[in-house]
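Visitor: Hi, I've just opened this one and I'm new to it. Could you walk me through it?
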Amino acid sequence: MSRQVPLKAMRYKWVNAVQRVGILVASHKEGIEEALKRLVETLERWGINVQLPPEAANLMGRSPSISTDSTDLTVSTPSLQLTDADLLIALGGDGCVLSAARLAAPCGVPVLGVRLGGFGFLTEAELENAEQAIAKVRSGDFWLDERTMLQAHLHRNQTLLWSAIGLNDAVILKSPLSPLPYWEIYVSDELLARYPADGITIATPTGSTAYTLSAGGPILAPDVQALLLVPMYAHTLTLRPLVLPSQATVKVRLLPQRRPVEGEITVDGQIGHPVQPGDWLTVGFAPHKVKIVRFAGSSFFERLRFKLRWGERQ
């Protein structure tokens, strides 16, 4: 179970102090417009200033007050507007929480996930309970679950091409029409292996219940300080998932081949960049942690039981 921050520490900062709340939405969700309007009406009825990014603002017929362009979401520079927020609500599902984490973590703004359909492993409240959840935050009846994030850098010929932070994972895969590539992997500047595979995933403990789970990786409790390295469909029987210490840095290179080969790096399955032979991907822990709002009675192991239906007869 994640470490619980004492409520007394939370009350010092939060009681009667929630004045500005940002809302990030999963605009593709069915019923998102009505859900957003209900949430905004509740917040404004309590005298809370609501800050909306472009997609949410369009649904409300308002002007946006938070920037969520690619610069804010893919590098560690915080959005100037969001630094003024006391809370960021992710209205949707786990994907919305992932987007919110990339935006909020550099600013130190806590994230409250409100589920609107979908799996909801990272969300904390259901839409019908959103008003009660926000009331608990206003009264200090909550704790913050601090989750480690990773940072990915892609270099070509010593030049930084692209960087991103993420809550779940960094996945580097061959493109669908490319032949089977060979990858070279270093851990903290020491050669680990060269092998043929579709790709490699480097995940945080939070990400161990996402893509790597379907690839046969282990589940890590979220307060474990470690990185998870999982070969994706490797053409060898000896490779296995590897749990690395938190200070480790993973470097991955797509090796040149006789036939043209190319790949792509994605972070949290939401943002990405093409990869060419010779490019270096470097992944390690990000300097920021995301603070996720949790309530009493909510635990990681409880989520495993109910979300993954452990112990139920099929």
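Visitor: Before that, what kind of model is it?

Guide: It's a predicted model, where local features need pLDDT of at least 70, side-chain atom pairs count only at pLDDT 80 or more, and totals for chains, interfaces and linings use all residues. Residues are numbered from 1 along each chain as its sequence is written, and side-chain values use heavy atoms, with hydrogens and water left out.

Visitor: Okay. How many helices and strands are there?

Guide: The chain has 8 helices and 16 strands. Both are DSSP runs numbered from the N terminus: helices are H or I with at least four residues, strands are E with at least two.

Visitor: And how much of the chain is buried?

Guide: 52% of the 314 residues count as buried. Buried means under 20% relative accessible area, exposed means over 50%, and partly exposed is in between (1.4 Å probe, protein chains only).

Visitor: Switching to cores: which residues have the most contacts inside the largest nonpolar one?

Guide: Those are Ile23, Leu43, Ile89, Leu91 and Leu112, in a core of 32 residues. A nonpolar core here is a set of buried Ala, Val, Leu, Ile, Met, Phe, Trp, Tyr and Cys residues joined through side-chain atoms within 4.5 Å. β1 (20-25), α2 (32-45), α3 (54-60), β3 (87-92), β4 (111-115) and α6 each supply at least two of its residues. The largest share, 6 residues, comes from α2. Apart from this core lies another, of 29 residues, with Ala170, Tyr195, Ala248 and Val267 among them.

Visitor: What is Leu112 in contact with?

Guide: Leaving aside neighbours within four places in sequence, the contacts of Leu112 include Leu87, Ile89, Glu124, Ala133, Val293 and Phe295. Contact means heavy atoms within 4.5 Å.

Visitor: You mentioned Ala133. Is Ala133 buried or exposed?

Guide: Ala133 is buried, with a relative accessible area of 4%, and it sits in helix α6. With neighbours within four places in sequence set aside, Ala133 is in contact with Leu112, Ala125 and Phe295.

Visitor: What about α2, can you pick a residue there?

Guide: Take Ala35, which is found in helix α2. Ala35 is buried as well, at 2% relative accessible area. Not counting residues up to four places away in sequence, Ala35 touches Leu91, Leu116 and Leu127. Its C-alpha atom is 9.9 Å from that of Ala130, 95 residues apart along the chain.

Visitor: Now the gaps. What volume does the largest pocket have?

Guide: About 320 Å³. Of the 15 residues lining this pocket, Glu124, Ala125, Glu126, Asn129 and Arg303 are the closest to its centre. The lining gets two or more residues each from β5 (125-126), α6 (130-139) and α8 (300-307), and α8 gives the most, with 4.

Visitor: How do you define a pocket, and a cavity?

Guide: On a 1 Å grid over the protein atoms alone, a cavity is a set of points where a 1.4 Å probe fits but cannot get out. A pocket is an open set with protein on both sides within 12 Å along at least five of seven lines, and lining residues have an atom within 4 Å of a point. Grid points are joined across faces, edges and corners, and a volume is the space filled by probe spheres set on the points.

Visitor: How many cavities of 30 Å³ or more are there?

Guide: There are 2 of them. The second largest cavity has a volume of about 50 Å³, and its lining includes Phe121, Arg147, Pro222, Phe300 and Arg303.

Visitor: Last topic: which residue has a positive phi near 70°?

Guide: That's Gln158, which is not a glycine. Gln158 lies in the loop between β6 (143-156) and β7 (159-166) and is exposed, at 79% relative accessible area. Asp268 also has a positive phi, about 60°, and is found in the loop between β14 (263-267) and β15 (271-275). Asp268 is buried, though, with a relative accessible area of 7%.
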